[in-house]
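Biologist: Please take a close look at the aromatic ring pairs for me. Keep it brisk.

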Amino acid sequence: MKRMLSLAGMLVITGVVVAGCAPSKSSTVTPGATNTNTPTATATFTLADVAAHNTQASCYTAIRGNVYDLTDWIRNHPGGPGAIVGICGTDGTEKFSGKHGGQAAQEQQLATFQIGTLQQ
Ligand code: HEM
């Protein structure tokens, strides 16, 4: 009987150790945030798809053949929301490139909003 109890005790301890490891294991997997972009970045949109998102409530734009969802960032644009609202639902290539083309910070910021590519 004593043996059975200590065996049971070992099982409990093993369970606690394994369970104790589980959260840290899953939290090391979670930061793979770059992976979450992979499926959406391969989605293709027509210009008509983009045009359907032409408001502040849902704002897509196409720039140099890629499609971006700028909705959540409109109010954060350092140059004011108007500049972004002006390209919602359109091909914003000329306006973006005219203002920011080749500027590293702006190009990097833009890349974070990509949801897919424009169908040619
Ligand atoms: C669509 C994606 C865009 C992104 C990701 C973006 C990003 C940015 C960023 C990061 C800044 C801050 C620059 C700094 O502090 O040095 C900025 C500023 C600014 N942006 Fe944009 N922008 C976008 C579109 C536009 C458009 C379409 C216009 C106008 C046609 C515009 C006009 C401005 C202006 C006037 C500023 C103020 C400072 C400056 O002249 O650089 N932006 N933008």
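How many aromatic pairs does a search of the whole structure find?

Modeller: The search finds 2 aromatic pairs. Rings of Phe, Tyr and Trp (its six-membered ring) pair if their centres lie within 6.5 Å; planes under 30 degrees apart count as stacked, over 60 as edge-to-face and the rest as tilted. Phe45 and Tyr60 are edge-to-face, because their planes stand at 85 degrees, with centres 5.9 Å apart. Phe45 sits in strand E1 and Tyr60 in strand E3, 15 residues apart. Helices (H or I, at least four residues) and strands (E, at least two) are DSSP runs, numbered from the N terminus. Both Phe45 and Tyr60 are buried, meaning under 20% relative accessible area with a 1.4 Å probe, protein chains only (exposed is over 50%, partly exposed in between). Trp73 and Phe113 are tilted, because their planes meet at 45 degrees, with centres 5.0 Å apart. Trp73 lies in the loop between E4 and H4 and Phe113 in the loop between H6 and E5, so the pair ties together parts 40 residues apart in sequence. Trp73 is buried at 15% relative accessible area, and Phe113 is buried at 14%.

The loop between E4 and H4 also holds His77. His77 is buried too, at 12%. Excluding residues up to four places away in sequence, His77 touches Ala83, Ile84 and His100 (contact: heavy atoms within 4.5 Å).

This is a predicted model: local features need pLDDT of at least 70, side-chain atom pairs count only at pLDDT 80 or more, and totals for chains, interfaces and linings use all residues. Residues are numbered from 1 along each chain as its sequence is written, and side-chain values use heavy atoms, leaving out hydrogens and water.
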